Amino acid sequence: MALDRKAPNDLNAFWMPFTANRQFKKNPRMFVAAKDMHYTTSDGRQVLDGTAGLWCCNAGHCRPKITEAIQKQAAELDYAPAFQMGHPVAFELANRIVEIAPAGIEHVFYTNSGSESVETALKLAIAYHRAKGQATRTRLIGRERGYHGVNFGGISVGGIVNNRRHFGSLLNGVDHLPHTHLPDENRWSRGQPEHGAWLADDLEKLVALHGAETIAAVIVEPVAGSTGVILPPKGYLEKLRAITKKHGILLIFDEVITGFGRLGAPFASQYFDVLPDMMTTAKGLTNGVIPMGAVLTTADVHDAFMDGPEHMIELFHGYTYSGNPIASAAGIATLETYKEEALFDRAAEIAPYWEDALHSLRDSRHVIDVRNMGLIGAVELDPIAGEPTKRAFSAFLAAYDKNILIRTTGDIIAMSPPLMISKSQIDTLIGTLADVLRALD
Ligand SMILES: Cc1ncc(COP(=O)(O)O)c(C=O)c1O
């Protein structure tokens, strides 16, 4: 049923997440349907999806194979207990994930979101060292401007001040690496920035400060999305891997947005050819259609727990919906859709066109940086003095009125379209954004 876009009075009960609720409810923006690259609004407009929902609908919207798999599974086995019982679909999906994961990743622990994947990986890291007889390794290292979801572990290792400062003292025993955003050195980067690999050396400083024997894990996003697309400088991730290995510290890649083809490879780990000990995933795993996440681990991490009497539970952790049958069926259908349509290769092929289109905005009004990688792009705007975020939010609203969906974080416009986007749709998205910027105060 179509809703009245202007109707303000029945929107009170739903307290919306990460939303300016009062602004929204005065002038709601409602999607009522979606197909492939477009959303349909409640006032009947077609909006081109420049963000794959929230970086999750990598295969586009309402894909028949995924829809059918969900319908079929719901009618056949709706739910099975996740603890001490199994069902074949979850096992099958795990095998298929491992098939496309980098060599060395062999196990899958299911969650329901990126945030839960992060909490799971952090707990696994601490428990892994304990299982290996190194119980002093409890410290977790994140990074400034990192986003690892919204639960306590994730906001503690995360580095976004507004996500942290309202919520008390968070986890203790956490420290942070510096972020890798160096605008003076790397402005207008196409792909990996040249400068900044040295920022990984700060991990040596943290080791010197705290002692390696206190550090369990380092968690980073290979490409940081939520704080406005921060790219890893050339050599940076390799260095992090070398230093973590040298000191017996686990490396966790948060691949919640980079997983499932966003960079034109199944995972960022393959794109950068750096193998972490764990990868956190969600979003593109089910094309965003059903909540599901997964932590992928090496055999070394998994096997550390496979000890003790066989009747004993090895890991006291899990969720009621871990490996839910309907989510698992959606996951399998999603991976099949990616494969049948070669969507990861497609993303890699169209990425240079995407890059050129984005960088055509370089001389647009207010633009102070453009950066990109795979099918990710960021256009950074000069903030209005004393009113940070306002200019980009105005751009977001104007873009929506012009039938394109972009996302803004701070004064950065971030885009991450479904991997099926065509060249002409890229032209529409970027051309419309250019119009929006031209008219922006
Ligand atoms: C890198 C990263 N980690 C974790 C999350 C949290 O995922 P969720 O919102 O599914 O909890 C996100 C969400 O955007 C993310 O980008």
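## Helix packing and the ligand shell

Helix α3 passes helix α13 in a right-handed crossing. The model in which this crossing is seen is predicted. Helix α3 covers residues 64-76 and α13 covers residues 325-340; their axes come within 8 Å and cross at roughly 155 degrees. Angles over 145 degrees count as roughly antiparallel, so α3 is roughly antiparallel to α13. On the α3 side, the residues that meet α13 are Lys65, Ile66, Ala69, Ile70, Gln73 and Ala74. Among their partners in α13 are Pro325, Ile326, Ala329 and Ala330. The residues of this contact divide into 10 nonpolar, three polar and two charged.

Helix α16 (residues 423-438) takes part in two further pairs. With helix α14 (residues 343-359), the axes come within 10 Å and cross at roughly 20 degrees. This makes α14 roughly parallel to α16. The crossing of α14 past α16 is right-handed. Helix α14 contributes Ile350, Tyr353, Trp354, Ala357 and Leu358 to the contact, and α16 contributes Lys423, Ile426, Asp427 and Ile430. Seven of the residues in the contact of α14 with α16 are nonpolar, none is polar and two are charged.

The other partner is helix α15 (residues 390-401), which packs against α16 at an angle of about 125 degrees, with the axes 9 Å apart. The two helices are therefore oblique to each other. Helix α15 also passes α16 in a right-handed crossing. Here the contact is made by Ala395, Ala398 and Ala399 of α15 and by Thr432, Leu433, Val436 and Leu437 of α16. By type, the residues of the contact of α15 with α16 are six nonpolar, one polar and no charged.

The table lists the angle and axis distance for each pair.

| Helix pair | Angle | Axis distance |
|---|---|---|
| α3 and α13 | roughly 155 degrees | within 8 Å |
| α14 and α16 | roughly 20 degrees | within 10 Å |
| α15 and α16 | about 125 degrees | 9 Å |

The ligand is surrounded by 14 residues, of which the closest are Ser113, Gly114, Ser115, Gly149 and Val256. Helix α5 (residues 114-131) supplies the largest share of this shell, three residues. The shell divides into five nonpolar, seven polar and two charged residues.

As for confidence, the mean pLDDT of the chain is 96, and 98% of its residues reach 70 or more. Among the elements of the chain, the lowest mean pLDDT, 92, belongs to helix α7 (residues 161-164), and the highest, 99, to strand β8 (residues 250-254).

Definitions and conventions: Residues numbered from 1 in each chain as written. Predicted model: local features only at pLDDT ≥ 70, side-chain atom pairs only at ≥ 80, totals over all residues. Axes fitted to C-alpha atoms, helices over the stretch in contact; angles between N-to-C directions. Helix = DSSP H or I, 4+ residues; strand = E, 2+ residues; numbered from the N terminus. Parallel < 35°, antiparallel > 145°, perpendicular 65-115°, else oblique. Left-handed = near helix turned anticlockwise from the far one by under 90°. Contact = placed C-beta atoms within 7 Å. Nonpolar A, V, L, I, M, F, W, Y, C, P; charged D, E, K, R; others polar. pLDDT = per-residue confidence, 0-100. Near = placed C-beta within 6 Å.
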